[in-house]
Every structure is written in C-alpha cells, then in structure tokens.
Amino acid sequence: MTDAAAAPQSNTATAAPEMLSWDSKSRRVVMLYVPLACFLLILLFPFYWMTVTAFKPNAELYDYATHNPFWITSPTLDHIRHLLFNTSYPHWLWTTMLVSIAATFLSLLSSTLAAYAIQRLRFRGSQYVGLAIYLAYLVPPSILFIPLATMVVRLGLFDTPFALILTYPTFLVPFCTWLLIGYFKSIPYELEECALIDGASRLQILRQITLPLAIPGLISAGIFSFTLSWNEFIYALAFIQSSENKTVPVAILTELVTGDVYQWGALMAGSLLGSLPVAIFYSFFVDYYVSSLTGAVKE
Amino acid sequence: MATVSVRQAKKVFGSTKILHGVDVEIADGEFVVLVGPSGCGKSTLLRMIAGLENISGGEIAIGGRVVNNVPPKDRDIAMVFQNYALYPHMTVRENMAFSMKLAKAPADVMEEEVKRAAKILGLDALLDRYPRQLSGGQRQRVAMGRAIVRHPQVFLFDEPLSNLDAKLRVQMRSEIKELQQRLATTTIYVTHDQIEAMTMADQIVVMNGGRIEQAGAPLALYDRPANLFVAGFIGSPAMNLLPGRVADGGFRTDGGALLPLPPGANAQAATYGIRPEHLMLADDGVEGTIVLVEPTGSETQVTLRIGETQIIGAFRERVQGRPGDLLRVAPDLSLVHLFGPDGNRLP
C-alpha cells in the first residue's frame with residue numbers, strides 16, 4: 001500500500017520539469033494559438049466572402065466551373081457603382097444612421113435615469129420595477145410588432161423614421177437598463193455619500209460623480225444599442241413602406257432582389273458598406289467595452 | 001466648532017435593533033473616539049451624526065441645533081471614509097475643491113483654501129495628480145484635506161487608518177491628532193483599535209451590542225474599567241480576568257490558583273482582574289509554570305499556568321525561563337480590579 005502510494009509520487013516528481021518545458025512553448029501553440037486561429041478563420045470568413053463577392057464581376061460570380069470561387073481574377077467596382085448611383089443606397093444609409101443614433105440616444109437617456117433610480121434611490125418596489133423592465137425584454141419583437149404597428153399607424157408615424165426611433169427603445173431600454181444597473185453597482189456608494197456631505201444634490205451627484213465614472217458602461221450600452229438598431233429587421237420591415245425610407249438591412253433584401261433574381265454583387269456590396277460603420281464604431285471603443293463587461297471602477 | 005449631543009439615539013433596521021438609546025455629550029473642540037468590536041453600532045452612530053442614516057428615535061444636536069431632519073450638506077460636518085472615497089476621475093486639487101465648487105465659491109478663494117490645506121498636509125507637489133497615482137498615506141491626507149478646506153464644525157472619521165500598513169498607521173495617527181489639536185475642531189473618530197482610541201482621544205466611548213459600556217478619559221477607562229467588557233477591551237495585552245470566589249484568605253480562581261487580595265476587598269468578588277503589566281516578579285509570589293515566553297525587546301510577555309488557570313504577565317525585566325520552568329509572580333495589590341457576579345466593577 002505504501003509502495004503503491006510512493007510510486008506515482010516519484011513519477012510525477014521526475015516528470016514535472018519536462019511537463020513545464022512543454023507547457024511554456026508547444027502547449028501555448030496547441031492550447032491557445034491554434035484554437036484562436038480556427039476561431040478567427042470561422043469568424044472572418046463571412047466578411048471575406050462578402051468582400052470577394054462585392055468586387056467580383058458577374059462573369060466570375062456565376063461561373064465557378066472556370067473561376068476559383070475564393071478568389072477574384074479581375075476585380076470590379078461595378079456593383080458598388082450600381083449601388084451608389086442606381087439605387088437609393090446613400091439615402092438608406094442615412095436613414096439607418098439617423099434611426100440608430102436617435103434610438104440609441106433616447107434609450108441611453110431613459111436607461112441611465114431608470115438604472116440610477118433602481119440601483120441607488122431604492123424606492124419602495126424598485127426591485128420589482130427592475131424585474132418588470134427585464135421581463136419586458138423577454139417579449140419577442142415578432143409578437144410585439146403587431147400591437148406596435150397599430151400604435152404607429154394611429155399616431156400617424158407609419159412610414160417615417162420616427163416609427164423606428166420610437167419603437168426601438170422597447171427592446172433597447174430594458175437591455176441598457178440592466179447593463180447600467182450592473183455598472184452602477186460597481187461604483188462605490190461611499191463616493192456618493194461623500195458627495196452628499198460635500199453638498200451635492202442627487203442630480204449633481206449623477207452628473208458629476210456617477211456618470212463620469214460610468215462612461216465605460218455607457219459606451220458599451222451605446223454600442224449595443226447602436227448595433228441592435230442598425231441590424232434591426234422586423235420593425236423596419238413592418239413599419240416602413242416607401243423605398244427611400246427603408247433601412248439598410250431591409251432595403252438590400254427588398255430592393256436588390258428583383259423578382260427571383262438575387263443581385264449578389266450589389267447585395268454583398270450593400271452589406272459590406274452597411275457593416276463598416278458598426279465595425280469602425282466598435283474598434284474605437286473596444287477597450288471601454290471590454291472593461292465594462294469585466295472590470296469595476298478603480299480608485 | 002461646536003458641541004455635539006446625542007440623546008437616547010436609537011436605530012432600527014427592519015426588526016433588528018442596532019442602537020438601544022445612546023447618550024453621548026461632546027464638548028467643543030473635543031476629540032472623541034467611538035470604539036468597540038465590529039457590529040457594536042459605532043459606525044452607525046457616526047453615520048447618524050453625519051446624516052447618512054436616519055434616526056429611529058431620540059435626537060442628535062450639533063452646536064445646539066437638533067439635526068434629526070437636516071440633510072447632511074446642511075449639518076456643517078466633514079467626513080473621512082474608511083476607503084477615503086476620493087473621486088477617482090478628479091485630481092487632488094479638484095477633489096479638495098469639490099465642496100467649494102458646489103457652494104459656488106470664487107475661484108481665488110478656492111485656490112487659496114486648497115493651497116492652505118495642501119500646505120498643512122504636505123500635499124503641495126501632488127495637487128495635479130489623480131488618486132490612483134497616490135500611495136495609501138497620501139490618499140488619506142487628501143481625504144483629510146477635503147475635510148479641512150470646508151472649515152466644518154465637526155470632523156467625522158470612520159476607521160480612517162484601517163487600510164494602511166502598521167507603520168504608516170502609527171505615523172498617520174500622530175498626524176491626525178496633531179492636526180486636530182492645531183485646528184481645535186470637534187472630532188468624532190470611529191475605530192475598532194483600542195490603541196488608536198487610547199492614544200488619540202480626549203474622551204473614549206466604549207460601545208458593545210448597541211449600548212455604551214463606558215465613556216471617559218482614556219486613562220480613567222484604563223485605571224477604573226466599569227465592567228468586564230471594558231476591562232477586557234481596553235489595554236494591550238488584555239487584562240487577565242479570572243473567574244473564581246473569595247476563599248481561603250485570598251481569591252481562589254476556578255482553575256485552583258490562590259491569589260492575594262487587597263485589604264478590605266469585597267467578598268462578593270466573582271472575577272479577579274489584573275493587567276499583565278501589573279504583575280511583578282517576586283520571590284514570595286505565587287508559583288506558576290511557564291507556558292510561553294514572548295520577548296518584544298522593551299518587555300517580555302510570559303504566559304504562566306497556575307493550577308489550571310493561565311495568566312499573562314508583562315515584565316520590564318528580561319525573563320530567562322523556558323517553558324516548563326517555574327516562576328514566581330505577585331500582583332500589585334493596589335492595581336487589582338474586582339468584579340461582581342453581574343460583571344460590574346465592585347467599589
């Protein structure tokens with residue numbers, strides 16, 4: 001019994017240094033870089049496909065027998081030219097931008113006030129209000145768009161950007177409120193008590209202490225809202241009818257598919273240009289974004 | 001500068017009673033330390049004085065004005081928090097000027113006040129730094145600077161030194177005391193560390209379980225503790241408290257040791273108290289077996305077993321014994337404390 005116990009012990013003792021050296025180099029490659037590379041490949045392939053298709057002439061696009069589907073031999077700007085000058089694409093882009101920014105701003109404003117009140121003022125029933133807001137988030141848009149459509153029409157907002165600006169907060173506000181409640185929780189309450197003694201009012205505390213410290217949280221809530229609004233499909237499809245008021249995701253699908261003909265080149269060019277603003281937006285704030293999801297306020 | 005009166009202050013959280021009617025009178029310019037084990041209600045009392053907790057019963061007056069329903073900003077107080085609560089996104093200068101900025105003070109007055117406070121605290125060179133660029137002691141000073149610039153009637157400190165290392169704690173302790181003497185501002189200071197309380201206070205208020213056990217000058221508490229709790233809490237190393245009864249011409253502890261009593265001792269005594277530093281090495285003393293010897297340099301602490309009773313002695317002499325050796329000690333009879341069966345001091 002004692003021998004059996006001692007034997008594996010000595011084995012591990014001698015094996016340990018070897019394992020350590022393996023741990024430092026090869027193991028990192030196998031455990032870290034190879035999975036990362038696979039991950040990256042899978043994630044970036046759609047973008048690559050989109051880009052390649054956008055610059056491919058139709059002859060190459062529809063003939064994979066003689067042309068390599070993964071490569072372009074004679075790149076062209078025809079699809080982009082068609083998109084920009086023969087369709088209302090610039091106008092779609094502008095509408096999408098306007099709707100996304102306005103909806104994001106509205107949602108952030110109300111979520112900030114809601115989250116602060118729920119987390120810090122702790123009024124009677126604040127927990128239930130928080131829960132109710134979260135439950136609202138669980139109602140799927142595919143159910144909600146029918147009653148919302150009635151309201152939009154009655155208010156005379158049908159086929160205007162306001163139809164979207166005012167309905168997007170229905171899913172943005174719950175989401176942002178919950179994100180911000182979590183973030184406000186990470187800001188030490190003592191800072192606010194100290195400001196209270198220093199003579200600040202509630203609004204001054206919110207504006208001068210809490211919000212500046214919650215900037216990473218606000219930015220990530222903003223990015224989420226912007227992206228969700230930018231990509232939103234079902235409300236945009238239901239509440240907008242005229243071609244020029246459409247948002248990019250809806251427009252490229254309804255305007256660039258003529259009959260049963262998919263204009264793949266223009267479709268992909270439209271998707272590519274449409275995804276660029278979001279990607280640029282993300283890249284600016286990625287640090288804040290990560291810190292808001294992982295870290296707290298450091299003094 | 002002002003007096004602070006706490007009269008029958010009560011605090012209830014839901015069904016939990018935190019404070020059971022507390023009375024404290026604080027004179028103008030006095031340095032009062034609230035001390036007690038964690039959960040005794042000392043921080044709650046301080047926060048009630050600050051206006052951060054509402055008062056469930058009784059009243060609190062600052063400078064003769066009852067402030068029960070006065071918001072914190074109108075109480076004319078300044079508070080230093082345990083983790084300093086410096087605004088992380090503001091520089092030292094902005095941190096110190098924040099309260100004046102809210103009060104819309106003119107820029108030159110603000111600058112002057114900040115400079116003055118920075119000079120007192122040795123922060124002149126750090127005014128443009130952010131809190132994260134400061135050491136623990138510097139942050140502590142900024143927190144005090146923020147309090148000083150306001151010229152409050154009362155300073156409130158909530159365990160301000162507990163996040164500092166031992167050496168810095170001793171240094172900041174003297175700095176705070178010196179500052180308080182210089183500014184002569186009424187100060188209420190909360191700590192769980194009885195050494196801080198002893199060294200800094202004009203008046204110590206010992207709290208336990210939401211009640212005040214004893215209040216008075218540090219040495220009065222040390223010399224005449226009112227009950228077993230205060231006797232065990234004030235003083236380091238703690239007083240030997242030995243349960244037993246008066247018998248056989250002395251005090252017979254439950255562990256079987258027979259200790260000498262001062263003349264005219266009360267026969268009701270149920271606990272015999274003697275501070276380690278009031279035991280002396282004496283050839284005619286009680287014999288005990290050494291359990292542990294702990295030299296600190298300036299003195300030697302010795303744990304002795306007499307019968308089944310363990311007592312600790314602290315001697316100026318260097319005790320050469322080893323565990324198992326015999327040692328004779330005698331209590332200084334004029335400094336023996338006797339407590340009755342109810343735990344209160346016997347006259």
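A polar contact here is a pair of N or O atoms within 3.5 Å; within protein, one has to be able to donate a hydrogen and the other to accept it, and residues adjacent in sequence count only if both atoms are side-chain atoms. On that basis, chain B and chain A share six residue pairs in polar contact, with both residues at pLDDT 80 or more. Keep in mind that this is a predicted model.

**Who supplies the chain B side**
- On chain B, the side that touches chain A draws at least two residues from each of α1 (42-50), β6 (77-80), α2 (92-102) and α4 (136-148).
- α2(B) gives the largest share of that side, with four residues.
- Sorted by class, the side of chain B that touches chain A comes out as 14 nonpolar, three polar and seven charged residues.

**Interface totals**
- In contact terms, 24 residues of chain B meet 18 residues of chain A.
- The two chains bury about 2000 Å² between them, and 61% of that is on carbon and sulfur atoms.

**Salt bridges**
- The rule picks up two salt bridges across the interface of chain B and chain A.
- E193(A) pairs with R47(B) in a salt bridge, and their closest N and O atoms sit 2.5 Å apart.

**A helix in chain A**
- Helix α5 of chain A (residues 89-121) has 33 residues, so at 1.5 Å a residue it should span 48 Å; its end C-alpha atoms are 47 Å apart, which agrees.

Note on methods
Residues numbered from 1 in each chain as written. Chains lettered and ligands numbered in written order. Predicted model: local features only at pLDDT ≥ 70, side-chain atom pairs only at ≥ 80, totals over all residues. Heavy atoms only, no water. Expected span 1.5 Å × (residues − 1). Contact = heavy atoms within 4.5 Å. Buried area = accessible area lost by both parts, 1.4 Å probe. Salt bridge = Lys/Arg side-chain N within 4 Å of Asp/Glu carboxyl O. Nonpolar A, V, L, I, M, F, W, Y, C, P; charged D, E, K, R; others polar.
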